[in-house]
Amino acid sequence: MAAEPKTEPRPEILAAFEAAEGFMPRGEGLALYAAATRAAALGLPLLEVGTYCGRSTILLADAARQAGVSAITVDHHRGSEEQQPGWEYHDPRTVDPEVGLMDTLPAFRRTLHRAGLEEHVIAVVGRSPQVAKVWGGSLGLVFIDGGHTDEHATADYEGWAPHVAEGGLLVIHDVFPDPVDIMTGQAPYRVYLRALASGAFTEVSAVDSLRVLRRTGAGI
Ligand SMILES: C[S@@+](CC[C@H](N)C(=O)[O-])C[C@H]1O[C@@H](n2cnc3c(N)ncnc32)[C@H](O)[C@@H]1O
């Protein structure tokens with residue numbers, strides 16, 4: 001009988017996650033890891049929109065490693081609106097001084113290298129809707145953590161949700177039902193409501209702002 005996948009990360013993976021730059025708290029990270037290990041058992045790749053410096057990617061990569069599948073992470077690495085200079089989530093260390101724009105790709109590569117997970121990840125540098133347009137295969141898990149405007153969150157949902165296989169998981173970060181909770185807005189919440197209203201997804205779990213939905217129907 002095949003061994004059950006571990007749904008809690010090993011201490012060294014958790015330590016690498018906590019040491020990485022990024023925005024995901026530990027509790028949500030544990031929920032993401034549990035979802036990723038379950039989804040990876042389908043034998044299909046796991047895909048993330050919104051790599052940033054690789055904090056959440058570590059968790060998807062380790063879950064993918066355990067199951068012998070790949071984790072794919074998509075980002076243009078120029079930062080979201082709220083990460084630009086002058087905004088609350090800006091980190092000046094992410095600016096490439098030569099180009100004068102954010103570039104989180106070097107930090108992401110260092111994160112994965114330090115965690116020893118480089119060979120389990122395919123990093124795609126590009127705009128999520130463009131990548132989704134040329135993507136052909138089914139996915140065990142789609143994790144949406146890219147741009148937080150309605151334009152971007154909606155495009156991520158429309159581009160990637162149809163690729164989630166029957167029984168696979170759609171995970172959405174920064175779902176805040178109460179508008180006073182967050183300055184980045186409620187676009188992820190609206191996408192979450194839309195996924196549920198489609199009839200194609202059923203909620204499996206909610207940990208803080210992380211929602212895990214399972215694909216249980218066709219029409220998206
Ligand atoms: C909130 S951060 C991701 C955080 C990351 N998941 C973590 O755990 O630290 C959002 C990322 O999405 C990227 N992004 C925003 N809009 C995008 C788009 N349309 N296509 C690709 N990447 C995008 C930004 O460059 C940024 O790195």
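Modeller: Asp150, Ala153, Thr154 and Tyr157 in α6 meet Ala187, Pro188, Arg190, Val191, Arg194 and Ala195 in α7; "meet" here is a contact, with C-beta atoms, placed from the backbone, within 7 Å. This is a predicted model, where local features need pLDDT of at least 70 and side-chain atom pairs count only at pLDDT 80 or more, while totals for chains, interfaces and linings use all residues. Residues are numbered from 1 along each chain as its sequence is written. The element names come from DSSP runs, helices being H or I of at least four residues and strands E of at least two, numbered from the N terminus.

Colleague: At what angle do α6 and α7 pack, and how far apart are their axes?

Modeller: Two packed helices are described by the angle between their axes and the distance between the axes. For α6 and α7 the angle is about 30 degrees and the axes are 9 Å apart. The axes are lines fitted to C-alpha atoms, for helices over the stretch in contact, and angles run from 0 to 180 degrees between N-to-C directions. The crossing of α6 and α7 is right-handed; that is the label when the near helix is turned clockwise from the far one by less than a right angle, and anticlockwise gives left-handed.

Colleague: Which residues of α7 are buried?

Modeller: Burial is a count of other C-beta atoms, placed from the backbone, within 10 Å of a residue's own: 20 or more is buried, 12 or fewer exposed, and in between partly exposed. In α7, Ala187, Pro188, Tyr189, Val191, Tyr192 and Ala195 are buried. These residues pack against β6 (139-144), α6, β7, β8 and β9. After α7 comes Gly199, with a positive phi near 85 degrees.

Colleague: Let's move to α3. Which way do α1 and α3 run relative to each other, roughly parallel or roughly antiparallel?

Modeller: The cut-offs are under 35 degrees for roughly parallel, over 145 for roughly antiparallel, 65 to 115 for roughly perpendicular and oblique for the rest. The axes of α1 (residues 11-19) and α3 cross at roughly 160 degrees and come within 7 Å, so the two helices are roughly antiparallel. Ile13, Ala16 and Phe17 in α1 meet Arg55, Ile58, Leu59 and Asp62 in α3. That contact divides into five nonpolar, no polar and two charged residues.

Colleague: How does α2 pack with α3?

Modeller: α2 (residues 26-40) and α3 make an angle of about 30 degrees, with axes 9 Å apart, and therefore they are roughly parallel. This contact has nine nonpolar, four polar and no charged residues.

Colleague: How many residues of α3 are buried?

Modeller: 11 of its 13 residues are buried, so α3 is mostly covered. Among them are Arg55, Ser56, Ile58, Leu59 and Asp62. Just after α3, Gly68 has a positive phi of about 75 degrees.

Colleague: Which elements each supply at least two residues of the shell around the ligand?

Modeller: α3 (55-67) and β2 (71-75) do. The ligand is surrounded by 22 residues, of which Gly22, Gly50, Ser56, Ser128 and Gly147 are the closest; a residue belongs there if its C-beta atom, placed from the backbone, lies within 6 Å of the molecule. By class the shell has four nonpolar, 13 polar and five charged residues.

How values were computed. Nonpolar A, V, L, I, M, F, W, Y, C, P; charged D, E, K, R; others polar. Contact = placed C-beta atoms within 7 Å.
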